Amino acid sequence: MEDFTIGSTVHVSGMIHNVRVTKWGGFIILRKPRGLVQTVVSEQSSFVNEHGEVISMADLCREMAVTITGTVHEANIKDPAACFNDRELAVEKVEVLSRPSTTEVIDMNALKFGDEETLLRYKFDNRQVTLRNPRDMAILKVQSTIAKAFADYLSEHEDFTQIFTPKIVSEGAEGGANVFKMDYFGKQVYLAQSPQFYKQIGVGVYERVFEIAPAYRAEKHATSRHLNEYISLDVEMGFIHGQEDVMALETRLLHAIIDRVCTSCAHELALLNATMPALPESVPTWRLSEVHEILFNEHLTEDHRGEDDLAPEEERAICKYALDKFGSDFVFVTHFPSQHRAFYAMDDPADPSLTLSFDLLMRGLEITSGGQRIHSEEMYREKMIRRGMNPDNFRFYLDTFKNGMPPHGGFAIGLERITACFLNIANVKEASMFPRDINRVAP
Ligand code: AMO
(Lines give C-alpha, C1' and ligand atoms only; values in the text may rest on other atoms or scores of the structure.)
Protein backbone atom coordinates (compact mmCIF):
# COMPACT_ATOMS: atom_id res chain seq x y z
CA MET A 1 0.00 0.00 0.00
CA GLU A 2 0.92 3.69 -0.31
CA ASP A 3 3.57 5.09 2.01
CA PHE A 4 1.57 6.33 5.00
CA THR A 5 4.24 8.53 6.60
CA ILE A 6 2.78 11.08 8.98
CA GLY A 7 2.60 14.47 7.29
CA SER A 8 2.75 13.13 3.73
CA THR A 9 0.07 13.68 1.10
CA VAL A 10 -1.25 10.44 -0.41
CA HIS A 11 -3.76 9.25 -3.01
CA VAL A 12 -5.60 6.11 -1.90
CA SER A 13 -8.03 4.20 -4.08
CA GLY A 14 -10.50 1.81 -2.51
CA MET A 15 -14.12 0.98 -1.87
CA ILE A 16 -16.15 2.99 0.61
CA HIS A 17 -16.85 0.60 3.48
CA ASN A 18 -18.84 3.10 5.51
CA VAL A 19 -19.74 6.78 5.63
CA ARG A 20 -20.52 8.56 8.91
CA VAL A 21 -21.74 12.14 8.68
CA THR A 22 -21.23 14.33 11.76
CA LYS A 23 -22.08 17.96 12.53
CA TRP A 24 -18.56 19.06 11.66
CA GLY A 25 -17.99 16.79 8.64
CA GLY A 26 -17.58 13.09 9.20
CA PHE A 27 -15.67 9.92 8.38
CA ILE A 28 -15.26 7.92 5.21
CA ILE A 29 -14.00 4.44 5.99
CA LEU A 30 -12.11 3.08 3.02
CA ARG A 31 -11.60 -0.66 2.49
CA LYS A 32 -8.22 -1.96 1.37
CA PRO A 33 -7.10 -5.59 1.03
CA ARG A 34 -5.49 -5.65 4.48
CA GLY A 35 -8.07 -3.62 6.40
CA LEU A 36 -9.91 -0.34 6.80
CA VAL A 37 -8.46 3.15 6.51
CA GLN A 38 -10.12 5.94 8.45
CA THR A 39 -10.40 9.23 6.59
CA VAL A 40 -11.71 12.41 8.18
CA VAL A 41 -13.87 14.89 6.28
CA SER A 42 -13.81 18.59 7.20
CA GLU A 43 -15.09 21.83 5.69
CA GLN A 44 -11.98 21.95 3.50
CA SER A 45 -12.77 18.62 1.85
CA SER A 46 -14.12 18.60 -1.72
CA PHE A 47 -16.02 15.90 -3.65
CA VAL A 48 -16.42 15.22 -7.37
CA ASN A 49 -18.44 12.56 -9.15
CA GLU A 50 -17.47 10.33 -12.11
CA HIS A 51 -18.05 13.28 -14.51
CA GLY A 52 -15.88 15.72 -12.56
CA GLU A 53 -18.93 17.57 -11.20
CA VAL A 54 -18.86 18.90 -7.65
CA ILE A 55 -21.02 16.90 -5.22
CA SER A 56 -21.42 16.85 -1.44
CA MET A 57 -20.51 14.28 1.20
CA ALA A 58 -24.19 13.32 1.42
CA ASP A 59 -23.96 11.96 -2.13
CA LEU A 60 -21.41 9.32 -1.09
CA CYS A 61 -22.55 5.81 -0.27
CA ARG A 62 -21.14 2.45 0.65
CA GLU A 63 -19.38 0.41 -2.08
CA MET A 64 -18.55 3.39 -4.25
CA ALA A 65 -15.07 3.06 -5.74
CA VAL A 66 -13.18 6.26 -4.93
CA THR A 67 -9.75 7.86 -4.90
CA ILE A 68 -9.11 9.97 -1.84
CA THR A 69 -6.35 12.54 -1.66
CA GLY A 70 -5.37 13.60 1.85
CA THR A 71 -2.70 14.21 4.46
CA VAL A 72 -1.68 11.52 6.94
CA HIS A 73 -2.28 12.50 10.59
CA GLU A 74 -1.72 10.78 13.90
CA ALA A 75 -4.79 9.12 15.38
CA ASN A 76 -5.87 6.61 17.99
CA ILE A 77 -8.20 4.10 16.33
CA LYS A 78 -9.68 1.23 18.34
CA ASP A 79 -11.21 -0.80 15.47
CA PRO A 80 -9.27 -4.11 15.12
CA ALA A 81 -10.22 -4.13 11.42
CA ALA A 82 -8.24 -0.91 10.85
CA CYS A 83 -5.08 -1.11 8.73
CA PHE A 84 -3.45 1.48 10.97
CA ASN A 85 -4.42 2.21 14.55
CA ASP A 86 -2.15 5.21 14.85
CA ARG A 87 -2.95 7.19 11.73
CA GLU A 88 -5.76 8.50 9.60
CA LEU A 89 -6.21 10.64 6.52
CA ALA A 90 -7.44 14.24 6.56
CA VAL A 91 -9.45 14.39 3.34
CA GLU A 92 -8.65 17.03 0.76
CA LYS A 93 -10.51 15.54 -2.17
CA VAL A 94 -12.72 12.54 -2.92
CA GLU A 95 -13.14 11.49 -6.55
CA VAL A 96 -15.88 8.96 -7.27
CA LEU A 97 -14.75 6.41 -9.89
CA SER A 98 -17.85 4.19 -10.01
CA ARG A 99 -20.91 3.43 -7.92
CA PRO A 100 -23.22 0.51 -7.14
CA SER A 101 -26.42 0.44 -9.15
CA THR A 102 -28.58 0.10 -6.04
CA THR A 103 -28.91 2.35 -3.03
CA GLU A 104 -29.58 -0.73 -0.91
CA VAL A 105 -26.19 -2.36 -0.99
CA ILE A 106 -26.04 -5.66 0.92
CA ASP A 107 -24.97 -4.79 4.44
CA MET A 108 -21.98 -6.89 5.32
CA ASN A 109 -21.27 -4.89 8.48
CA ALA A 110 -24.61 -5.39 10.19
CA LEU A 111 -24.73 -9.18 10.12
CA LYS A 112 -26.73 -9.39 13.32
CA PHE A 113 -28.99 -12.41 13.47
CA GLY A 114 -30.40 -14.34 16.37
CA ASP A 115 -28.64 -17.61 15.67
CA GLU A 116 -25.44 -18.77 14.01
CA GLU A 117 -27.24 -20.89 11.42
CA THR A 118 -29.32 -17.99 10.03
CA LEU A 119 -26.23 -15.80 9.97
CA LEU A 120 -24.23 -18.39 8.04
CA ARG A 121 -27.08 -18.94 5.56
CA TYR A 122 -27.33 -15.18 4.93
CA LYS A 123 -23.57 -14.91 4.55
CA PHE A 124 -23.35 -17.77 2.07
CA ASP A 125 -26.48 -16.72 0.13
CA ASN A 126 -24.83 -13.33 -0.44
CA ARG A 127 -21.21 -14.52 -0.40
CA GLN A 128 -20.21 -12.49 -3.49
CA VAL A 129 -20.64 -9.37 -1.35
CA THR A 130 -20.41 -10.54 2.27
CA LEU A 131 -16.85 -11.69 1.48
CA ARG A 132 -15.99 -7.99 1.66
CA ASN A 133 -16.56 -8.16 5.41
CA PRO A 134 -13.17 -7.63 7.17
CA ARG A 135 -13.57 -10.85 9.17
CA ASP A 136 -14.15 -13.02 6.09
CA MET A 137 -11.38 -11.20 4.24
CA ALA A 138 -9.04 -12.01 7.13
CA ILE A 139 -9.96 -15.72 7.13
CA LEU A 140 -9.27 -16.08 3.42
CA LYS A 141 -6.09 -14.01 3.63
CA VAL A 142 -4.76 -16.46 6.21
CA GLN A 143 -5.86 -19.32 3.94
CA SER A 144 -4.03 -17.79 1.00
CA THR A 145 -0.91 -17.39 3.18
CA ILE A 146 -1.09 -21.06 4.25
CA ALA A 147 -1.27 -22.20 0.60
CA LYS A 148 1.62 -19.94 -0.39
CA ALA A 149 3.75 -21.05 2.58
CA PHE A 150 3.02 -24.70 1.67
CA ALA A 151 4.18 -24.21 -1.93
CA ASP A 152 7.16 -22.02 -1.04
CA TYR A 153 8.48 -24.31 1.68
CA LEU A 154 8.22 -27.48 -0.40
CA SER A 155 9.72 -26.02 -3.54
CA GLU A 156 12.40 -23.85 -1.94
CA HIS A 157 13.52 -26.00 1.00
CA GLU A 158 12.66 -29.61 0.16
CA ASP A 159 13.16 -29.79 -3.61
CA PHE A 160 9.55 -30.58 -4.55
CA THR A 161 8.01 -29.93 -7.96
CA GLN A 162 4.47 -28.58 -8.23
CA ILE A 163 2.20 -30.64 -10.48
CA PHE A 164 -1.29 -30.12 -11.91
CA THR A 165 -3.37 -33.25 -12.36
CA PRO A 166 -6.76 -33.92 -13.98
CA LYS A 167 -9.98 -33.62 -12.04
CA ILE A 168 -12.04 -35.56 -14.58
CA VAL A 169 -11.04 -39.17 -14.02
CA SER A 170 -11.95 -42.68 -15.06
CA GLU A 171 -11.85 -44.20 -11.54
CA GLY A 172 -12.22 -42.86 -8.00
CA ALA A 173 -8.95 -43.17 -6.07
CA GLU A 174 -10.30 -43.37 -2.57
CA GLY A 175 -13.06 -45.97 -2.97
CA GLY A 176 -16.38 -45.71 -1.18
CA ALA A 177 -19.63 -44.24 -2.44
CA ASN A 178 -18.74 -40.57 -2.12
CA VAL A 179 -17.68 -40.06 -5.73
CA PHE A 180 -19.50 -37.70 -8.11
CA LYS A 181 -20.47 -39.35 -11.38
CA MET A 182 -20.49 -37.33 -14.55
CA ASP A 183 -21.46 -37.84 -18.17
CA TYR A 184 -18.47 -37.41 -20.49
CA PHE A 185 -19.62 -37.63 -24.10
CA GLY A 186 -21.85 -40.59 -23.27
CA LYS A 187 -19.33 -42.32 -21.01
CA GLN A 188 -19.49 -42.36 -17.21
CA VAL A 189 -16.54 -40.66 -15.57
CA TYR A 190 -15.92 -39.19 -12.12
CA LEU A 191 -14.77 -36.03 -10.40
CA ALA A 192 -11.45 -36.74 -8.66
CA GLN A 193 -11.82 -37.51 -4.95
CA SER A 194 -8.09 -36.81 -4.64
CA PRO A 195 -5.02 -36.66 -6.91
CA GLN A 196 -3.76 -39.88 -5.29
CA PHE A 197 -2.96 -41.89 -8.46
CA TYR A 198 -1.44 -38.95 -10.27
CA LYS A 199 0.74 -37.74 -7.42
CA GLN A 200 2.15 -41.26 -7.08
CA ILE A 201 2.81 -41.26 -10.82
CA GLY A 202 4.54 -37.89 -10.26
CA VAL A 203 6.98 -39.55 -7.86
CA GLY A 204 8.15 -41.83 -10.69
CA VAL A 205 8.98 -38.65 -12.61
CA TYR A 206 10.22 -36.02 -10.13
CA GLU A 207 10.69 -38.03 -6.88
CA ARG A 208 8.98 -35.29 -4.84
CA VAL A 209 5.77 -33.59 -5.92
CA PHE A 210 2.98 -31.46 -4.51
CA GLU A 211 -0.32 -30.15 -5.76
CA ILE A 212 -2.82 -27.54 -4.59
CA ALA A 213 -6.15 -28.27 -6.24
CA PRO A 214 -9.83 -28.97 -5.64
CA ALA A 215 -11.01 -32.43 -4.61
CA TYR A 216 -14.59 -33.61 -4.83
CA ARG A 217 -16.49 -35.73 -2.34
CA ALA A 218 -20.17 -36.62 -2.72
CA GLU A 219 -20.73 -36.51 1.05
CA LYS A 220 -24.46 -36.63 1.59
CA HIS A 221 -24.34 -35.43 5.18
CA ALA A 222 -24.25 -31.75 6.16
CA THR A 223 -21.62 -31.36 8.89
CA SER A 224 -19.40 -28.55 10.09
CA ARG A 225 -16.30 -30.36 8.76
CA HIS A 226 -17.31 -31.62 5.33
CA LEU A 227 -17.45 -29.81 2.02
CA ASN A 228 -18.37 -31.37 -1.30
CA GLU A 229 -15.54 -29.49 -2.96
CA TYR A 230 -12.46 -28.67 -0.92
CA ILE A 231 -8.89 -27.67 -1.64
CA SER A 232 -6.41 -30.45 -1.09
CA LEU A 233 -2.77 -29.71 -0.29
CA ASP A 234 -1.17 -32.91 -1.57
CA VAL A 235 2.37 -34.14 -1.06
CA GLU A 236 4.05 -37.31 -2.32
CA MET A 237 7.74 -38.25 -1.98
CA GLY A 238 9.96 -41.09 -3.13
CA PHE A 239 12.86 -42.97 -1.55
CA ILE A 240 11.40 -42.98 1.95
CA HIS A 241 12.54 -45.43 4.61
CA GLY A 242 9.10 -45.56 6.19
CA GLN A 243 6.09 -43.44 7.00
CA GLU A 244 8.16 -41.70 9.71
CA ASP A 245 9.99 -39.79 6.93
CA VAL A 246 6.66 -38.54 5.65
CA MET A 247 5.47 -37.53 9.12
CA ALA A 248 8.77 -35.74 9.77
CA LEU A 249 8.38 -33.80 6.51
CA GLU A 250 4.83 -32.81 7.45
CA THR A 251 6.06 -31.59 10.85
CA ARG A 252 8.77 -29.43 9.23
CA LEU A 253 6.25 -28.12 6.73
CA LEU A 254 3.77 -27.19 9.45
CA HIS A 255 6.48 -25.32 11.35
CA ALA A 256 7.19 -23.30 8.20
CA ILE A 257 3.49 -22.61 7.60
CA ILE A 258 2.88 -21.52 11.20
CA ASP A 259 5.95 -19.24 11.13
CA ARG A 260 4.78 -17.63 7.89
CA VAL A 261 1.23 -17.07 9.12
CA CYS A 262 2.54 -15.54 12.36
CA THR A 263 4.83 -13.12 10.54
CA SER A 264 2.64 -12.28 7.53
CA CYS A 265 -0.82 -12.28 9.12
CA ALA A 266 -0.38 -10.60 12.51
CA HIS A 267 -3.16 -8.13 11.61
CA GLU A 268 -5.58 -10.90 10.59
CA LEU A 269 -4.78 -13.04 13.65
CA ALA A 270 -5.47 -10.07 15.94
CA LEU A 271 -8.71 -9.25 14.14
CA LEU A 272 -9.89 -12.85 14.44
CA ASN A 273 -8.62 -13.14 18.00
CA ALA A 274 -6.80 -16.32 16.97
CA THR A 275 -3.94 -18.03 18.78
CA MET A 276 -1.68 -20.11 16.59
CA PRO A 277 -1.42 -23.78 17.52
CA ALA A 278 1.39 -25.21 19.64
CA LEU A 279 3.62 -27.48 17.54
CA PRO A 280 6.51 -29.12 19.43
CA GLU A 281 9.61 -30.38 17.60
CA SER A 282 8.32 -33.89 18.02
CA VAL A 283 4.57 -34.37 17.70
CA PRO A 284 2.96 -36.93 20.07
CA THR A 285 2.43 -40.10 18.03
CA TRP A 286 0.35 -43.12 19.03
CA ARG A 287 -1.00 -46.15 17.24
CA LEU A 288 -4.78 -46.23 16.89
CA SER A 289 -4.98 -49.10 19.39
CA GLU A 290 -2.89 -47.08 21.86
CA VAL A 291 -5.24 -44.10 21.54
CA HIS A 292 -8.26 -46.27 22.44
CA GLU A 293 -6.27 -47.64 25.43
CA ILE A 294 -5.03 -44.27 26.70
CA LEU A 295 -8.47 -42.69 26.54
CA PHE A 296 -10.13 -45.66 28.24
CA ASN A 297 -7.48 -45.90 30.98
CA GLU A 298 -7.57 -42.16 31.63
CA HIS A 299 -11.40 -42.28 31.79
CA LEU A 300 -11.60 -39.69 29.04
CA THR A 301 -14.04 -41.53 26.75
CA GLU A 302 -16.27 -44.59 26.62
CA ASP A 303 -14.56 -47.89 25.81
CA HIS A 304 -13.67 -47.79 22.08
CA ARG A 305 -10.98 -50.48 22.29
CA GLY A 306 -11.02 -52.82 19.30
CA GLU A 307 -12.75 -50.28 17.03
CA ASP A 308 -11.44 -49.67 13.50
CA ASP A 309 -11.38 -45.91 13.59
CA LEU A 310 -11.46 -42.95 15.95
CA ALA A 311 -14.84 -41.78 17.21
CA PRO A 312 -15.22 -37.96 17.00
CA GLU A 313 -15.25 -37.80 20.83
CA GLU A 314 -11.90 -39.63 20.80
CA GLU A 315 -10.44 -37.16 18.31
CA ARG A 316 -11.33 -34.33 20.66
CA ALA A 317 -10.21 -36.19 23.80
CA ILE A 318 -6.81 -37.31 22.49
CA CYS A 319 -6.07 -33.76 21.31
CA LYS A 320 -6.94 -32.37 24.73
CA TYR A 321 -4.77 -35.06 26.35
CA ALA A 322 -1.82 -34.21 24.05
CA LEU A 323 -2.16 -30.52 24.82
CA ASP A 324 -2.42 -31.01 28.58
CA LYS A 325 0.38 -33.57 28.84
CA PHE A 326 2.73 -32.66 25.97
CA GLY A 327 1.87 -29.06 25.09
CA SER A 328 0.94 -30.04 21.53
CA ASP A 329 -2.11 -29.01 19.50
CA PHE A 330 -1.22 -31.82 17.05
CA VAL A 331 -1.36 -35.62 17.38
CA PHE A 332 -0.29 -38.28 14.88
CA VAL A 333 -2.33 -41.48 14.98
CA THR A 334 -0.81 -44.42 13.09
CA HIS A 335 -1.47 -48.04 12.12
CA PHE A 336 -5.08 -47.93 11.01
CA PRO A 337 -6.63 -51.28 10.10
CA SER A 338 -6.09 -52.26 6.48
CA GLN A 339 -9.78 -52.82 5.78
CA HIS A 340 -10.45 -49.24 6.83
CA ARG A 341 -7.89 -47.58 4.58
CA ALA A 342 -7.73 -47.11 0.82
CA PHE A 343 -6.21 -50.01 -1.15
CA TYR A 344 -2.98 -48.16 -1.98
CA ALA A 345 -1.90 -48.08 1.72
CA MET A 346 1.10 -50.31 2.49
CA ASP A 347 0.18 -53.10 4.89
CA ASP A 348 2.44 -53.42 7.91
CA PRO A 349 4.78 -56.42 7.32
CA ALA A 350 4.77 -56.99 11.11
CA ASP A 351 0.96 -57.27 11.14
CA PRO A 352 -0.72 -57.21 7.71
CA SER A 353 -4.10 -56.46 9.26
CA LEU A 354 -2.72 -52.94 9.89
CA THR A 355 -1.38 -50.30 7.51
CA LEU A 356 1.62 -48.02 7.60
CA SER A 357 -0.69 -45.04 7.50
CA PHE A 358 -1.47 -42.07 9.71
CA ASP A 359 -3.88 -39.27 10.42
CA LEU A 360 -2.83 -35.94 11.84
CA LEU A 361 -5.31 -34.44 14.26
CA MET A 362 -5.28 -30.82 15.28
CA ARG A 363 -7.45 -29.28 17.99
CA GLY A 364 -9.87 -32.18 17.79
CA LEU A 365 -10.16 -32.43 14.00
CA GLU A 366 -8.47 -34.66 11.40
CA ILE A 367 -6.60 -32.34 9.05
CA THR A 368 -4.44 -34.93 7.26
CA SER A 369 -4.34 -38.54 6.12
CA GLY A 370 -1.18 -40.07 4.78
CA GLY A 371 1.21 -42.96 4.88
CA GLN A 372 3.48 -45.25 2.96
CA ARG A 373 2.11 -46.69 -0.30
CA ILE A 374 2.44 -50.05 -1.95
CA HIS A 375 5.10 -49.82 -4.67
CA SER A 376 4.91 -53.30 -6.20
CA GLU A 377 2.49 -54.11 -9.02
CA GLU A 378 2.05 -57.64 -7.67
CA MET A 379 1.03 -56.42 -4.24
CA TYR A 380 -1.49 -54.04 -5.78
CA ARG A 381 -3.04 -56.79 -7.88
CA GLU A 382 -3.34 -59.13 -4.90
CA LYS A 383 -4.90 -56.48 -2.68
CA MET A 384 -7.31 -55.34 -5.38
CA ILE A 385 -8.48 -58.87 -6.04
CA ARG A 386 -8.89 -59.49 -2.29
CA ARG A 387 -11.10 -56.41 -2.18
CA GLY A 388 -13.21 -57.40 -5.18
CA MET A 389 -11.73 -54.63 -7.37
CA ASN A 390 -10.98 -55.27 -11.03
CA PRO A 391 -7.27 -54.49 -11.73
CA ASP A 392 -8.13 -54.00 -15.42
CA ASN A 393 -9.96 -50.79 -14.47
CA PHE A 394 -6.71 -49.39 -13.10
CA ARG A 395 -4.41 -50.23 -16.02
CA PHE A 396 -2.58 -46.92 -16.31
CA TYR A 397 -2.01 -46.83 -12.56
CA LEU A 398 -0.71 -50.39 -12.38
CA ASP A 399 1.48 -49.79 -15.43
CA THR A 400 3.30 -47.16 -13.39
CA PHE A 401 4.43 -49.81 -10.90
CA LYS A 402 5.05 -52.37 -13.62
CA ASN A 403 7.57 -49.88 -15.03
CA GLY A 404 9.34 -49.42 -11.69
CA MET A 405 8.66 -47.17 -8.70
CA PRO A 406 10.70 -46.29 -5.59
CA PRO A 407 9.35 -46.82 -2.06
CA HIS A 408 7.20 -43.76 -1.46
CA GLY A 409 4.55 -42.11 0.64
CA GLY A 410 2.74 -38.86 1.16
CA PHE A 411 -0.16 -37.07 2.70
CA ALA A 412 -2.92 -34.55 2.04
CA ILE A 413 -4.04 -31.61 4.17
CA GLY A 414 -7.53 -30.19 3.73
CA LEU A 415 -6.94 -26.45 3.26
CA GLU A 416 -10.29 -25.36 4.70
CA ARG A 417 -9.84 -27.63 7.70
CA ILE A 418 -6.34 -26.42 8.55
CA THR A 419 -7.44 -22.79 8.10
CA ALA A 420 -10.48 -23.28 10.34
CA CYS A 421 -8.36 -25.08 12.97
CA PHE A 422 -5.69 -22.36 12.98
CA LEU A 423 -8.35 -19.71 13.48
CA ASN A 424 -10.62 -21.65 15.85
CA ILE A 425 -13.53 -21.40 13.44
CA ALA A 426 -16.21 -23.98 14.15
CA ASN A 427 -17.45 -24.53 10.57
CA VAL A 428 -15.03 -25.29 7.70
CA LYS A 429 -17.44 -23.65 5.26
CA GLU A 430 -16.36 -20.28 6.63
CA ALA A 431 -12.87 -21.12 5.39
CA SER A 432 -14.13 -21.68 1.85
CA MET A 433 -14.56 -18.77 -0.53
CA PHE A 434 -17.65 -20.31 -2.11
CA PRO A 435 -18.62 -23.39 -0.12
CA ARG A 436 -20.27 -26.31 -1.85
CA ASP A 437 -22.47 -28.42 0.35
CA ILE A 438 -25.40 -30.72 -0.16
CA ASN A 439 -27.76 -27.73 -0.44
CA ARG A 440 -25.54 -25.17 -2.11
CA VAL A 441 -23.95 -24.73 -5.54
CA ALA A 442 -24.37 -20.95 -5.85
CA PRO A 443 -23.07 -18.31 -5.66
P1 AMO B 1 -8.52 -38.26 2.97
O2 AMO B 1 -9.69 -38.77 2.25
O3 AMO B 1 -8.43 -38.57 4.42
O4 AMO B 1 -7.17 -38.80 2.32
O5 AMO B 1 -8.43 -36.69 2.79
C6 AMO B 1 -7.29 -35.99 3.23
C7 AMO B 1 -7.69 -34.72 3.96
O8 AMO B 1 -8.55 -33.93 3.13
C9 AMO B 1 -9.51 -33.27 3.92
N10 AMO B 1 -10.86 -33.69 3.52
C11 AMO B 1 -11.93 -32.88 3.52
N12 AMO B 1 -12.07 -31.59 3.84
C13 AMO B 1 -13.30 -31.05 3.73
N14 AMO B 1 -14.39 -31.73 3.29
C15 AMO B 1 -14.29 -33.04 2.96
N16 AMO B 1 -15.37 -33.68 2.51
C17 AMO B 1 -13.02 -33.67 3.07
N18 AMO B 1 -12.57 -34.92 2.82
C19 AMO B 1 -11.25 -34.91 3.09
C20 AMO B 1 -9.22 -33.64 5.36
C21 AMO B 1 -8.50 -34.96 5.22
O22 AMO B 1 -7.67 -35.24 6.32
N23 AMO B 1 -5.39 -39.55 -0.74
C24 AMO B 1 -5.53 -39.40 0.68
C25 AMO B 1 -4.41 -38.58 1.26
C26 AMO B 1 -3.05 -39.24 1.21
O27 AMO B 1 -2.95 -40.35 1.75
O28 AMO B 1 -2.13 -38.64 0.62
C29 AMO B 1 -6.87 -38.74 0.98
O30 AMO B 1 -7.50 -38.12 0.16
O31 AMO B 1 -8.38 -32.65 5.91
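Biologist: Which residues in helix α10 are buried?

Modeller: This is a predicted model. A residue counts as buried when under 20% of its relative accessible area remains. In α10, which covers residues 395-402, the buried ones are Y397, L398, T400 and F401.

Biologist: Why do the buried residues of α10 line one face of the helix?

Modeller: Look down the axis of α10: its buried residues fall within an arc of 145°, so they line one face. The face turned away from that buried side carries R395 and K402, both exposed.

Biologist: Which residue with a positive phi follows α10?

Modeller: That is G404, with phi near 95°.

Biologist: Now the strands. In what order do the strands of the open sheet with β9 lie?

Modeller: Two strands pair if there are at least two bridges between them. This open sheet has 3 strands in the order β9-β11-β10, and the pairing is antiparallel. Its edge strands, β9 (168-169) and β10 (181-184), each pair on one side only. Between β9 and β11 (residues 187-191) there are 2 bridges, and I168 has L191 of β11 as its bridge partner.

Biologist: Which strands does β7 pair with, parallel or antiparallel?

Modeller: Take the partners of β7 (residues 87-98) in turn. Among them is β3 (residues 35-41), which is parallel to β7 and joined to it by 2 bridges; here T39 is partnered with L89. Strand β4 (residues 46-48) also runs parallel to β7, with 3 bridges, and V48 has E95 as its bridge partner. Strand β6 (residues 65-74) pairs with β7 in the antiparallel sense over 10 bridges, where G70 stands opposite V91.

Biologist: How many helices and strands are there in the chain?

Modeller: The chain has 11 helices and 20 strands. Its C-alpha trace spans about 80 × 55 × 45 Å along the principal axes, and 52% of its 443 residues count as buried.

Biologist: What share of contacts joins residues at least 24 apart?

Modeller: Take the contacts between residues at least 6 apart in sequence: 67% of them join residues at least 24 apart.

Biologist: And the surface: what part of the accessible surface belongs to carbon and sulfur atoms?

Modeller: The accessible surface comes to about 20,700 Å², and 51% of that belongs to carbon and sulfur atoms. As for charge, the chain has 46 positive and 65 negative charges, whose mean positions are 3 Å apart.

Technical notes. Residues numbered from 1 in each chain as written. Predicted model: local features only at pLDDT ≥ 70, side-chain atom pairs only at ≥ 80, totals over all residues. Heavy atoms only, no water. Helix = DSSP H or I, 4+ residues; strand = E, 2+ residues; numbered from the N terminus. Buried < 20%, exposed > 50% of the residue type's maximum accessible area, 1.4 Å probe, protein only. Contact = heavy atoms within 4.5 Å. Areas by Shrake-Rupley, 256 points an atom, 1.4 Å probe, with all protein chains shown as cover. Lys, Arg positive; Asp, Glu negative; His and termini not counted. Charge placed at Lys NZ, Arg CZ, Asp CG, Glu CD. Arc of directions from axis to C-beta.
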